[in-house]
Amino acid sequence: MAVNKMLKCLLFTLNFLFFICGAVVLGVSAHASSNRTEYQITDELLPAVHLMVWVGAITLVVGFLGCCGAAAESRCLLALFFLGLLAMLLMLLAVGVLGAMARTDTAQDLVRAQFEKLGPLAEAPKEVQESFQSVERAGKCCGFFKGQEDWSNSSLEVPDSCNCTDTSRNCTALDGRDVFATPCLPYLLTWLDRVSGALMGVAFALAAVMVIGMAFSLALMCQVSVGNKSII
């Protein structure tokens with residue numbers, strides 16, 4: 001019995017897409033992990049991002065093995081490809097679970113508690129201040145909970161990142177200048193919800209593709225086995 005050429009081409013194409021997707025996921029996840037401020041990654045989302053780095057790396061390797069296995073009709077490589085997909089499927093399910101956990105009220109309460117521990121932002125470490133100022137510029141907000149009062153009771157210690165640059169936003173006067181009156185916590189929680197939702201969507205979409213790849217690899221392995229027996 002000859003190996004189905006259509007199935008072989010489909011599996012090779014699917015594995016090539018795995019290889020490309022793995023490279024993209026690895027690159028984006030690694031960049032996000034090393035630039036947490038730019039991507040506004042919270043401590044609750046960081047484990048999921050780190051897991052996506054591993055998923056991308058393994059997808060890259062598994063895609064290469066799958067291409068080789070499909071081209072050479074090698075049962076050994078196809079078996080390794082199947083096991084690799086199974087491992088990635090479990091990891092992607094874990095990413096989905098972590099993303100769902102980040103959207104719970106408990107996770108949001110933890111975010112609030114971490115911000116409360118920082119105390120007056122003017123007394124926080126310089127790197128923390130710079131990171132939060134980036135958040136304020138992106139979210140057009142000021143402070144955590146109480147607006148500019150979260151920085152200090154002195155208006156001189158309220159940074160320029162709080163300056164009202166959008167007159168359509170809720171702003172308030174502060175010693176001759178306008179600053180954003182809206183605190184940043186709602187913006188951060190909304191961002192957390194969006195990022196966790198995106199992680200869940202990507203994880204479960206890739207998981208569905210993994211299942212299809214596993215089915216194709218099993219079918220091709222069975223055809224290779226039958227073909228080898230018929231030759232014997």
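Which residues of α1 are buried? In this predicted model, the buried residues of α1 are L7, K8, L11, L14, N15, F18, G22, V25, S29, A32 and S33.

Close-up 1. Helix α1 comprises residues 5-34. At 1.5 Å a residue, its 30 residues should span 44 Å, and the end C-alpha atoms, 43 Å apart, agree with this expectation. In general, an α-helix has 3.6 residues a turn, so residues three or four places apart point the same way.

**Close-up 2. The nonpolar surface patch.** F12, F16, L17, F19, I20, V24, V28 and F64 make a nonpolar surface patch of about 720 Å². Helix α1 supplies the largest share of this patch, namely seven residues. One of the patch residues, F16, is located in helix α1 and has a relative accessibility of 46%, which means that F16 counts as partly exposed.

**Close-up 3. The disulfide of C141 and C184.** The sulfur atoms of C141 and C184 are 2.0 Å apart and form a disulfide, one of three in the structure. The link of C141 and C184 is right-handed, with 100° about the S-S bond. C141 lies in the loop between α6 (126-139) and β1 (171-174), and C184 in the loop between β2 (177-180) and α7 (185-231); the pair therefore ties together parts that are 43 residues apart in sequence. Both C141 and C184 are buried.

**Close-up 4. The disulfide of C142 and C162.** C142 is joined to C162 by a disulfide with an S to S distance of 2.0 Å. This link of C142 and C162 is right-handed, with 85° about the S-S bond. Because C142 and C162 each lie in the loop between α6 and β1, the pair ties together parts that are 20 residues apart in sequence. Both C142 and C162 are buried.

Close-up 5. C164 and C171 are joined by a disulfide with an S to S distance of 1.8 Å. The link of C164 and C171 is right-handed, with 50° about the S-S bond. C164 counts as buried because its relative accessibility is 19%, whereas C171, at 25%, counts as partly exposed. With bonded cysteines counted along the chain, the disulfides follow the pattern 1-6, 2-3, 4-5. C68 takes part in no disulfide, and the nearest cysteine sulfur, that of C67, is 6.8 Å away. C68 is partly exposed, with a relative accessible area of 28%.

Technical notes. Residues numbered from 1 in each chain as written. Predicted model: local features only at pLDDT ≥ 70, side-chain atom pairs only at ≥ 80, totals over all residues. Heavy atoms only, no water. Patch = residues over 30% accessible without salt bridge, like charges linked within 9 Å, V, L, I, M, F, W, Y side chains within 5 Å. Areas by Shrake-Rupley, 256 points an atom, 1.4 Å probe, with all protein chains shown as cover. Salt bridge = Lys/Arg side-chain N within 4 Å of Asp/Glu carboxyl O. Helix = DSSP H or I, 4+ residues; strand = E, 2+ residues; numbered from the N terminus. Buried < 20%, exposed > 50% of the residue type's maximum accessible area, 1.4 Å probe, protein only. Expected span 1.5 Å × (residues − 1). Disulfide = S-S within 2.5 Å.
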